[in-house]
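Subject: Structure handover

Hello,

Here is the structure I promised. Please open it alongside these notes.

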Amino acid sequence: METPAQNSRSMNLTFWGSAMILVSGLSAIAFPLTTYALTLATFGIAHVAIELRYIDSQFHSQLDPKIEIRLVLLLLSIAILRCCGIFGTIEPNIAHLLELGCGLGLVLVATHHLWTIDWRRGTLGIIIACVLGVGIVRDPIVTSIIFAIVHNLTPIGFILQRQELKSQRTLWLCGLVFGLIPLLILLYQFSPIFPLPLEANSIYLSAFIAPAWQQLSIAYPLFSAVAFIQCLHYAVVIGLFSRWTPTQTDSFIPWLAPKYFYLSICTISVIFLIAFGHSFILTRAFYGVVASIHAWLEIPLLIILTSRKQHTRTTHQISKIPD
């Protein structure tokens with residue numbers, strides 16, 4: 001039974017969440033490229049820091065130290081490869097392939113860990129590793145684009161993990177917000193009721209649309225839908241994950257106290273916003289160094305979390321069978 005204070009907070013959260021969804025949806029329909037660039041420049045670095053802090057506080061104590069070190073080394077390798085690509089130390093295409101290889105390594109580390117416990121728990125990791133491996137061989141650019149799109153859906157996994165007791169309702173809500181509404185935006189863009197001039201900026205479009213797709217009729221509607229999902233991704237991370245992060249916890253990184261952490265994030269965000277305005281391409285590249293760490297980290301964590309949840313559910317079902 002909720003107290004009046006809890007009920008009031010729930011109503012406020014529902015109101016502001018609905019308002020954010022409405023504004024984001026209209027913005028993604030009318031100005032998808034501008035929406036993508038503006039939200040990235042304003043909230044990108046903040047959402048990376050908040051999500052890393054949340055993941056660290058929630059899962060550091062649950063991971064085997066050996067697994068954690070392997071994941072960290074591969075993530076640092078990805079960040080170094082990004083830097084090498086920016087400065088020309090390694091040819092960018094080679095650096096890109098090596099990054100995807102490290103990403104495959106992250107999946108395999110999680111899969112091997114689960115396989116040694118119970119081979120059935122490693123099945124999901126094997127499937128993801130095979131799909132990623134085929135993508136790397138066939139078309140690395142398209143593989144990275146698909147990864148960038150799917151990355152915006154990863155908060156669903158952490159939300160379901162957090163709301164495990166309400167997983168059915170939470171799953172339906174996530175399906176509505178992250179699935180049905182983006183689909184409606186995509187369909188609307190094919191036959192808009194109020195036609196608007198299309199924005200044209202191949203630099204922005206390339207974030208979610210591979211060069212081979214950019215002349216297709218689905219390119220602009222797909223970008224609109226993904227721009228909306230990106231807004232949701234930022235809102236969930238900044239709005240919910242920051243509230244769900246405990247102030248006192250065992251973590252891999254010694255994070256600043258909340259007051260100083262958020263003050264630092266605001267300061268850095270302003271610096272990045274100014275830098276994005278000065279040179280979007282260069283700033284986007286340096287932002288990608290940090291963003292790649294949190295984006296790739298989510299994949300092995302979600303594989304482990306999903307497998308644990310399936311194992312827990314199976315164990316619970318077996319325990320209910322009468323002797």
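Helices here are DSSP runs of H or I with at least four residues, numbered from the N terminus. The model is predicted: local features need pLDDT of at least 70, side-chain atom pairs count only at pLDDT 80 or more, and totals for chains, interfaces and linings use all residues. Residues are numbered from 1 along each chain as its sequence is written, and side-chain values use heavy atoms, with hydrogens and water left out.

Start with Ser224. Helix α10 (residues 219-244) holds Ser224. Buried means under 20% relative accessible area, exposed over 50%, and partly exposed in between (1.4 Å probe, protein chains only). Ser224 has a relative accessible area of 0%, so it is buried. Contact means heavy atoms within 4.5 Å. Leaving aside neighbours within four places in sequence, Ser224 contacts Ala28, Pro32, Ile185 and Gln189.

Next, the α8/α10 pair. Helix α8 (residues 167-190) and α10 cross at roughly 150°, and their axes come within 8 Å. Axes are lines fitted to C-alpha atoms, for helices over the stretch in contact; angles run from 0 to 180 degrees between N-to-C directions. The two helices, α8 and α10, are therefore roughly antiparallel to each other. Angles over 145 degrees count that way; under 35 is roughly parallel, 65 to 115 roughly perpendicular, and the rest oblique. The crossing of α8 past α10 is right-handed. Right-handed means that the near helix is turned clockwise from the far one by less than a right angle; left-handed means anticlockwise.

On the α8 side, the contact residues include Phe178, Ile185 and Gln189. On the α10 side they include Ser224, Phe228 and His233. By class, the contact of α8 with α10 has 15 nonpolar, three polar and no charged residues. Ala, Val, Leu, Ile, Met, Phe, Trp, Tyr, Cys and Pro count as nonpolar; Asp, Glu, Lys and Arg as charged; the others, Gly among them, as polar.

Leu176 also sits in α8. Leu176 is partly exposed because its relative accessibility is 40%. Beyond its neighbours within four places in sequence, Leu176 contacts Ile181 and Pro182.

A second pair: helix α4 (residues 92-117) and helix α5 (residues 123-138). They pack at an angle of about 165°, with axes 9 Å apart. That makes α4 roughly antiparallel to α5. Here the crossing of α4 past α5 is left-handed. Among the residues that meet are Leu97, Leu104 and Trp115 in α4, and Ile126, Leu132 and Ile136 in α5. By class, this contact of α4 with α5 has 11 nonpolar, five polar and no charged residues.

Now the core. A nonpolar core is a set of buried Ala, Val, Leu, Ile, Met, Phe, Trp, Tyr and Cys residues joined through side-chain atoms within 4.5 Å. The largest one has 79 residues; Tyr36, Phe158, Phe178, Phe223, Phe241, Tyr287 and Trp296 touch the most other members. Helix α2 (residues 32-59) gives the most to this core, with 14 residues. Outside four places in sequence, the contacts of Phe158 include Tyr54, Phe59, Phe241 and Leu305.

Two last residues. Ser57 lies in α2. Ser57 is buried because its relative accessible area is 7%. The C-alpha atoms of Ser57 and Ile253 are 8.9 Å apart, though 196 residues separate them along the chain. Ile265 lies in helix α11 (residues 258-278). Ile265 counts as buried, at 11% relative accessibility. Residues up to four places away in sequence aside, Ile265 touches Ala46 and Ala49.

Best wishes
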